[in-house]
Amino acid sequence: MQSNQLTESGQLRHFLTIEGLKRPLLTEIMDRAEQFSSISHRQVKKVPLLRGKTIINLFFENSTRTRSTFELAAKRLSADVMNFNISTSATSKGESLLDTLHNLEAMHTDMFVVRHDQSGAAEFIAQHVAPHVSVINAGDGCHAHPTQAMLDMFTIRRHKQDFANLRVAIIGDLLHSRVARSQIQALATLGVGEIRVIGPQTLLPRDSHTLGVHVYHDMASGLKDVDVIITLRLQLERMQGALLPSAREYFRCYGLTEEKLKYAKPDAIVMHPGPINRGVEIASSVADGPQSVILEQVTHGIAIRMAVMSMALASQSEQAEIE
Amino acid sequence: MTMPKTTAEIDSLLEEMAETIREELADKDPLLVGIHTGGVWVAKALQKILGEDFFDAPLGTLNIAYYRDDFTRIGMHPQVSPSDLPFEVDNRHLVLVDDIFYSGRTTRAALNEIFDYGRPASVTLAVLIERDGRELPIRPDIVGASVILPRNQHLKLRNKDGLQLEIRAAGAPYAE
């Protein structure tokens, strides 16, 4: 089911998935993030835009980077933030989720930032919140992680400007990756020239070819002349059964080493959504090397999340004005 | 006074304003800050009259969109360039410039933003036009012209081969 993440006038009300969003909206998110990123360099790293708004980080799954950058983004906008880390195993999921939600709503919350290990959780919550509440998806199961995709697009744009002429390769465990799914949708929407996915057959979705991407099973041909390399984390905790012989074997074939990096263009940038498994999907010398923009991605996460949160809450103001 | 509209009329107001700034601030190494978008145009014009060396640093610009008091009523404002103060404001004398002073709310927002950058020694507010309708205990120090306009009329500074002022009735579109 596709919930309505846009208002009638086409503004963001929720941010659940990249799917279905148009290029001008993605560009607006990046443009706003560009403006917000200057705030981090001030003496007072804060603007009063969302003063008095209450934002709850509802994390049903562990996260360090995403949760802390969402928290920091909300604080830079002067919102009040609460963090809830909730274990999903305790009670039956559907019921506890709605109960939790209604309790938190009763505290006059304006926005939920939701991470959950079940695909569709954020969407489900968006369908059940009161009309004045916005929901941001901070990662749901294997489905989507739209703010991660946008901070990646923002990082690419900072280094490469024009999307149309780019060749972007995503390496690794695409089957379990909500990040890759959202990235591919964003790259396609922004009109990237060529999107490649590289990985063993067992870790690529069976419908890869329908995503409009070129599929490669070896690094030499997959990385040839690419401008952007996105390595994905080998999601050991998500893997069921024997999809891979071993992490060492994976590193030999698909780990990004200095040697394999040479197949790409000399000015190619190397990205990773984190946390990185050194020596599994990426060599330390590459992760820490001159072409790596991995830590920049983290920094950009704050500005992108500021943009998305302020845009969603602004559309709520517009709604209120109309009513 | 009658409404100045033409580029020539506005230029002579700017000359007078620049002279007052020179008299009051010449010995204070002042810094210049314009409020987007019209205030930046006025600030640039003043800078040109006063000369490159009058101010101690390049022009600073403020985009007060994130400091406005109407977010919960009307949401995000259209995108303009972000604020950029290319100097330390601590213990400095600032000249804050806007095109039209009306309710005082823009100035309130700009002052709040300036104080997030540091603690200036003083802020002098210079505006091209002051119109009646103040809603806050804030008033400009240096004024090009003071005018009285009916509530339903809006005043807008344009920048097309020089600065011009345009009056329109509420709801009517601006001529492009």
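This is a predicted model: local features need pLDDT of at least 70, side-chain atom pairs count only at pLDDT 80 or more; totals for chains, interfaces and linings use all residues.
Residues are numbered from 1 along each chain as its sequence is written, and chains are lettered from A and ligands numbered from 1 in the order in which they are written.

Let's start with chain A. Its secondary structure comes to 11 helices and nine strands; here helices (H or I, at least four residues) and strands (E, at least two) are DSSP runs, numbered from the N terminus. The C-alpha trace of chain A spans about 55 × 45 × 35 Å along its principal axes. Its radius of gyration is 19 Å, which agrees with the value near 20 Å that a compact globule of 323 residues would have. That radius is taken over C-alpha atoms, and the globule rule is 2.2 Å times the number of residues to the power 0.38.

Now zoom in on two helices of chain A. Helix α5 (residues 146-160) and helix α6 (residues 178-189) of chain A pack at an angle of about 50°, with their axes 8 Å apart. Axes are lines fitted to C-alpha atoms, for helices over the stretch in contact, and angles run from 0 to 180 degrees between N-to-C directions. So α5(A) and α6(A) are oblique to each other, as angles under 35 degrees count as roughly parallel, over 145 as roughly antiparallel, 65 to 115 as roughly perpendicular and the rest as oblique. Among the residues that meet are A:Met150 and A:Met153 in α5(A), and A:Val179 and A:Ala186 in α6(A). Contact here asks for C-beta atoms, placed from the backbone, within 7 Å.

On to chain B, which has four helices and seven strands. Read along the sequence, they follow the pattern α-β-α-β-α-β-α-β-β-β-β. The radius of gyration of chain B is 16 Å, close to the 16 Å from the globule rule for 176 residues, so chain B is as compact as a globular protein of that length. Its C-alpha atoms fill a box of roughly 45 × 40 × 30 Å, taken along the principal axes.

Finally, where do the chains meet?

Conventions
Two residues are in contact if their C-beta atoms, placed from the backbone, lie within 7 Å.
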